[in-house]
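Subject: Structure handover

Hello,

The structure we talked about is below, for you to take over. My notes on it follow.

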Amino acid sequence: MSLSPLDLPDADSALAWVQTRAEAGLSTARELAQRLRDAPPTDTLDALRQWDEVSLQLSNVAAMGSLLSNVHPLEEVRDESETAEQDVQRLATELSLDRGLYDVFAALDPAGLDPQAARLLDKVLEDFRRSGVDRDEETRARITAINERITELDQEFGKVVRDDVRTIQVAPERLDGLPADWREAHPAGDDGLVTVTTDYPDVVPVRMFAHDADVRRDLTMAFLNRGWPASDALLQEMFALRHELATLVGYDDWASYDADVKMIGTGPAIPAFIDKITAAAEEPMQRDLAVLLERFRQDHPDADAITGADASYYEELVRKEQLQVDAQQVRTYFAFPKVRQGLLDVTGRLFGLRYEEATDATLWADDVTAYDVYDADGSESFGRIYLDLHPREGKYKHAAQFTLTEGIAGRQLSEGVLVCNFSRGLMEHDHVVTLFHEFGHLVHHVLAGRGQWTRFAGVSTEWDFVEAPSQMLEEWAWDADVLRTFATDEAGEPIPADLVERMRRGDDFGKAYLARQQMFYAAMSYWFHQERPDDLTAKTRELQARYSPFPYIEDTHMFASFGHLGGYSSAYYTYMWSLVIAKDMFSAFDSGDLFAPETAARYRDRVLAPGGSKDAADLVADFLGRPYTFDAYAAWLAH
C-alpha cells in the first residue's frame, strides 16, 4: 500500500486544522493509553506496538506544533501551534508519570523479542524511570508542575530571542565596504539613514565588510544585547527548575541527568571534554590569533587584543590580503537558485536519491518549495521535504531542520522541513556550508523513516551524535570537484579549483580559535546549569576570559539570546563531540572521489538508515570497522 503525504491546510483553514489535528492526536493517545491500563496485553510485542502508536500520535502533534509555531505567517496559527506543543508536553509528562502504565511494562517478559523490540522495551522502562514514575504521589505532582513550567519558560525564552530584533540607523556612506547587492537592498529611509537589523542577513555582512569600526561595534553590541534584560529571569528560573527536577528523580544535578542518555555518559565528563578540546586548540589558536592581532595593529598600533566586534572584519582582511581569498568574489559563484539545485543534485548522487518537485503540496508561504523523495531507481516516494529558506516576519531566525512527521514503514511517510534565513540572491560560502549541514539532518530524518518503531525513527540517535552526519556533509561543500557542478558565475564559468583551495586555507585560518569560542559556549551551557549563578553576566565574563579567544565587550549580555540554553540545556558540548566523530567518519571516504558508491552506500545504510535502532557508537563502528577515535580531529585542528 502506498502512503500519502500529510495534506497541509491553506492559510484560511490553518487555525482550525491545527486545533483539529491536535485534539484528534491527543485524544487518540489518551484512549490508547487508557486501553493499555484497563486491559494490559499479555503479549509483549502487542503492548509495545500499542505504546508505539501512543508515541506516534504525540510525535505528530508535537512536530506540527513546533514547526508551525516557528514558520507560519499568521500569528494566531503560531500561537495555536504553541498551545498544541504545550498540551502534548503536558500529556507526555502525565503518561510518563503514570504508575499504572509503568507497571504494565515492568511486568512484560522480554523473552523471544527481536533485538529492536528488546531495545524498545529497555528504552520505554528507562524513560519511565527517568521521569520519576517510581516516586511518591507528591513528588510526581511536583515533577508535573516543573515540566509544565520548563516548557513555558523554554517557549518564552525562544520567543524573546526570536522577536527581539534590534536596529541601528546608519548614514549610507558609513556602510562603505559592503557588497553592492546588499546596499541596493538597504536604501536610506526618509530621514536619510539606513536601518540595519540584528538578523543574520545584516549582521554577518556588516561585521565582515563594513570599513567603519563604530558601525561594526554598534551592531555587535545590539546583537549581543538581544533578549536582555527579559531573558535573565527566565533563564534563572529554568536552570533552578531543571536542577530540582534532576534531584527529584535521583540524580546529583541536571548535567548528570541529561548526560546519562548521551554518548558522553556522565555529567563530570563534560568539563573534562571541554578542557581536552581547549588544550588541543591552544597552540594553533595562539598561532592564528598572532596573525590576526598583527594585522589589527597595522590600523591600531597600541592594541593588545582584538574583540568580537572586529574579528570578522580583520579575519576577512587576512584571508583577502595574505591568503588571497576575497569573500565578495567568492559570493559571485553562489547564486541561491543554483545552490539549491546543486544541493539536491549532490545529495541525490551521494545517497542514491531522486527528488521530484511536489506540485500538489500546499505551502504555508509562497517561497517554500516541496519535493517528494524516491530511491534513485524507485517508483514509490518514501518521504517529502519542504525547503523554507528565506527570512520572513515572525519566522524562526536561525537554521534548523524541523520534523513534520516521523516515517514508519507501512504507517506514515517521513516528512521534514528545512528552515533557514538565506539571501534570495548571492550567498556567502559559509551560508552554503550551513545549507549542506542542515540538509544533512533532513536526509538523515528521511532515510531513517522506514523502520517499524516511532522511538527509533528519523534523527533519534543520542543527542551528542545528532550533528555528526550533518558536519560530515559540510565536506562536500568544500570540495572543488563537487562545487564546480553548480557554483558558476553570471557568465556560467565554474568556480576555479585554485580559488576553492584558497578558500579552504582561508577557512582553516582561525579554526582553532573558533573551537575555543565553541568551548566558551559549551562552558556557559554546563556551568550555568551546574552552578546556577545569581549574576549570569559576571559568569559569562569569567568563562569568556578562561575559554574565548576574544575579550568580553563591556555592557553586553550575550547569554540573553543564546537560544541553545533552551534546547541543548547543559549539553552544548555536543557540537564539538560530534565533530570529533564526523572527522573520523569522513576519513573513510576517498578524498579523490567523494561519490565513491561503495563507501557512500555503506554510510547511508549503516549510519543514517538505522535511525536510533542502535547506539551511535555501534553505528559508527559498523561503518568504520573499528571504534571511533580523537585522532582525525586532532590532526585536522593542528593542521
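The charged end of R130 lies over the ring of Y257, at 3.9 Å from the ring centre. This is a predicted model, so please read every distance here as computed from it. Y257 also has an aromatic partner: with Y251 it makes an edge-to-face pair, the centres 5.2 Å apart and the planes at 80°. Y257 is classed as buried because its relative accessibility is 13%, under the 20% cut-off. A second case of a charge over a ring involves R226, whose charged end sits over the ring of F223, 4.0 Å from the centre.

Aromatic pairs

In total there are 37 aromatic pairs in the structure. One of them joins W228 and F559 in an edge-to-face arrangement, with 6.0 Å between the centres and 85° between the planes. Where in the chain do the two partners W228 and F559 lie? W228 is in the loop between α9 (213-224) and α10 (230-248), while F559 is in the loop between α21 (536-547) and α22 (564-567). The pair therefore links distant parts of the chain, 331 residues apart. The two residues can also be described by accessibility. W228 is partly exposed, at 29% relative accessibility, whereas F559 has a relative accessible area of 0% and is buried.

Elsewhere, ring pairs connect F351, W476, F586, F589, Y603 and F623 into a cluster.

Second largest pocket

The second largest pocket holds about 410 Å³ of space. It is lined by 19 residues, and those closest to its centre are W182, H186, P201, D202 and S423. Which elements give two or more residues to this lining? They are α7 (180-184) and α8 (200-209). The top contributor to the lining of this pocket is α8, with 3 residues. By residue type, the lining of the second largest pocket comprises 9 nonpolar, 4 polar and 6 charged residues.

Cavities

A search of the whole structure gives 4 cavities of 30 Å³ or more. The largest cavity has about 50 Å³ of space. Its lining is made of L8, P9, A14, L68, H72, T362, L363 and W364.

Around it are V161, R162, D164, V165, T198, D199, Y200, R226, K397 and H398. R226, the residue with its charged end over the ring of F223, is thus one you will meet again in this lining. How does the lining of the second largest cavity divide by type? It has 3 nonpolar, 2 polar and 5 charged residues.

Single residues

- E542 belongs to helix α21. It is partly exposed, with a relative accessible area of 38%. The side chain of E542 makes a polar contact of 3.1 Å with the side chain of K539. Between the C-alpha atoms of E542 and D489 there are 46 Å, with the two residues 53 apart along the chain.
- S548 is in the loop between α21 and α22. With a relative accessible area of 10%, S548 is buried. A polar atom of the S548 side chain lies 3.0 Å from the backbone nitrogen of F550.
- M238 is part of helix α10. Its relative accessibility is 0%, so M238 counts as buried. The C-alpha atoms of M238 and R297 are separated by 43 Å, and the two residues are 59 apart along the chain.

Best regards

Technical notes:
Residues numbered from 1 in each chain as written. Predicted model: local features only at pLDDT ≥ 70, side-chain atom pairs only at ≥ 80, totals over all residues. Heavy atoms only, no water. Phe/Tyr/Trp six-rings, centres within 6.5 Å; stacked < 30°, edge-to-face > 60°. Helix = DSSP H or I, 4+ residues; strand = E, 2+ residues; numbered from the N terminus. Buried < 20%, exposed > 50% of the residue type's maximum accessible area, 1.4 Å probe, protein only. Lys NZ or Arg CZ within 6 Å of the ring centre and 35° of its normal. 1 Å grid on protein atoms, 1.4 Å probe; cavity = no way out; pocket = protein on both sides within 12 Å on 5 of 7 lines; lining within 4 Å. Points joined across faces, edges and corners; volume = space filled by probe spheres on them. Nonpolar A, V, L, I, M, F, W, Y, C, P; charged D, E, K, R; others polar. Polar contact = N/O pair within 3.5 Å; in protein donor to acceptor, adjacent residues only side chain to side chain.
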